[in-house]
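Here is a short report on one protein model. It moves from helices to strands and then to a pocket.

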Amino acid sequence: MTIKIAVCDDDQQFLGTLTGALERLERKHQYEIDLEEYSSGEELIADINRGIRFDVIYMDIEMKQMDGMKTAAYIRERDDTMILIYISSHEEYMRELFETEPFRFLSKPLSLEAFERVFLKAAQKVESRKRECYYFQSGKSRMKVIVRDILYFESSGRKVIVHTKHHDYTYYDKLGEVEKKVAAMRFVRIHKAYLVNMDNIEAFQYERVALVDGTILNISEKNRPRIRSQFWEYCRNEGQI
């Protein structure tokens, strides 16, 4: 299993300590870690705004420019799934940190035993989540999105657009192939151009659906009886009716 990790600290020496500790754990526990280093919150945010996602972020609280709490708050506004692990020599920040839903808090100087325990807990959570991700190839990049964040897939010529709560991604594929990949998930084909995540349908009408972000999509006429049946079955299974 590959874990994509960011470490963010403006202390280059400590950044090296974190990187070295993660590399040792990678070898010891036979994980594959894709690691990125950042010396400021601004650098990390810039990459996240470009669409790069991390499974785990190790964040120093006290940084000279944008501090860890402001950086985390910005990230949380756009993504509530990344695992945030704070590192600081000042435990008085802990109460403030709860607003950004941290996974754990590690103290400086770093205890390698505590670091390993937290890493393994985070890795277990990532492993569980990866079963709920959709993967696709976009150019030279292997991309993943959390399934619950997907609003719908749209067919556009020879491409598929993945519409999510945070970003849209475009890659070469056929919507019929995507439908096969998500067959075990709760997606419904409402139109030749739309494959919709039922978890993100806010309102259903016979001719259209409204998604949680306000998007309105038409249901093709031939599909309407089937979609109505599937949607009400979904609602019964969810205890909504």
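Helix α2 spans residues 41-49, and its buried residues are G41, L44, I45, D47 and I48. Seen down the axis of α2, these residues fall within an arc of 160°, so they line one face of the helix. That buried set packs against strands β1 (2-8), β2 (32-38) and β3 (56-60), and against helix α3. Just past the end of α2, G51 adopts a positive phi of about 100°.

This is a predicted model. Its mean pLDDT is 87, and 93% of the residues reach 70 or more. Where pLDDT is low, the predicted coordinates should not be read in detail.

**The partner helix**

Helix α3 covers residues 68-78, where G68, M69, T71, A72, I75 and R76 are buried. They cover an arc of only 155° around the axis, which puts them on the same side of α3. K70 and E77 are exposed, on the face turned away from that buried side.

| α2 (residues 41-49) | G41, L44, I45, D47, I48 | 160° |

Which way do the side chains of β12 point? In this strand (residues 194-197), Y194 and V196 point one way, and L195 and N197 the other. All of them are buried.

β12 pairs with β11 (residues 187-191) in the antiparallel sense, over four bridges. A hairpin of two residues joins β11 to β12. F187 stands opposite N197 of β12.

β12 also runs antiparallel to β8 (residues 150-156), with three bridges between them. Here Y152 has V196 of β12 as its bridge partner.

**The largest pocket**

Rolling a probe the size of a water molecule over the atoms shows where empty space is left. The largest pocket holds about 380 Å³ of space. Its lining counts 17 residues, and K4, R53, R142, M143 and K144 lie nearest the centre. The elements that give two or more residues to this lining are β1 and β7 (141-146). Which of them gives the most? β7 does, with five residues.

Terms used: Residues numbered from 1 in each chain as written. Predicted model: local features only at pLDDT ≥ 70, side-chain atom pairs only at ≥ 80, totals over all residues. Heavy atoms only, no water. Buried < 20%, exposed > 50% of the residue type's maximum accessible area, 1.4 Å probe, protein only. Pairing = 2+ DSSP bridges. pLDDT = per-residue confidence, 0-100. Arc of directions from axis to C-beta. Contact = heavy atoms within 4.5 Å. 1 Å grid on protein atoms, 1.4 Å probe; cavity = no way out; pocket = protein on both sides within 12 Å on 5 of 7 lines; lining within 4 Å. Points joined across faces, edges and corners; volume = space filled by probe spheres on them.
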